[in-house]
Amino acid sequence: MEILKKEQFNEYLYEYYKEHYGERDTDIWYEQPAVNVWVFGRDGKYITLKSHILTGEVEEQIE
């Protein structure tokens, strides 16, 4: 197996974000800590989406 490319991570993360959260102009986006991780703020919470480097499966963590 090969590690996915940045474009693939973006596709998996965007689709997960859109399906589970829906796009909002009020979301606050933070600098990516890694190529396979997106972090945004919504309603006073920090939401981290992480795409697995081989499969693309997305996990979320809410703080």
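The dialogue below takes up a helix, then salt bridges, then a surface patch.

Q: What should I keep in mind about the model before reading it?
A: This is a predicted model, in which local features need pLDDT of at least 70 and side-chain atom pairs count only at pLDDT 80 or more, while totals for chains, interfaces and linings use all residues. Residues are numbered from 1 along each chain as its sequence is written, and side-chain values use heavy atoms, with hydrogens and water left out.

Q: Which residues of helix 1 are buried?
A: Helices (H or I, at least four residues) and strands (E, at least two) are DSSP runs, numbered from the N terminus. Buried means under 20% relative accessible area, exposed over 50%, and partly exposed in between, with a 1.4 Å probe and protein chains only. In helix 1 the buried residues are Phe-9, Leu-13, Tyr-16 and Tyr-17. They cover an arc of only 100 degrees around the axis, so they sit on the same side of helix 1; the arc is that of the directions from the helix axis to the C-beta atoms. The face turned away from this buried side carries the exposed residues Glu-7, Glu-11 and Glu-19.

Q: How many salt bridges are there?
A: A salt bridge is a side-chain nitrogen of Lys or Arg within 4 Å of a carboxyl oxygen of Asp or Glu, and by this rule the count comes to three. One of them joins Lys-18 to Glu-15, whose closest N and O atoms are 3.9 Å apart; both residues lie in helix 1 (residues 6–20), three residues apart, about one turn of the helix. An α-helix has 3.6 residues a turn, so residues three or four places apart point the same way.

Q: Where do Asp-27 and Arg-42 lie?
A: The side chains of Asp-27 and Arg-42 meet in a salt bridge at 2.7 Å, N to O. This pair links distant parts of the chain, with Asp-27 in the loop between helix 1 and strand 1 and Arg-42 in strand 2, 15 residues apart, and both Asp-27 and Arg-42 are buried.

Q: Which residues make the nonpolar surface patch?
A: Patches are made of residues with over 30% relative accessible area and no salt bridge, where like charges are joined within 9 Å and nonpolar side chains (Val, Leu, Ile, Met, Phe, Trp, Tyr) within 5 Å. Here Ile-28, Tyr-30 and Tyr-46 make a nonpolar patch of about 300 Å². Among them, Tyr-30 lies in strand 1 (residues 28–30) and is partly exposed, with a relative accessible area of 36%.

Methods: Areas by Shrake-Rupley, 256 points an atom, 1.4 Å probe, with all protein chains shown as cover.
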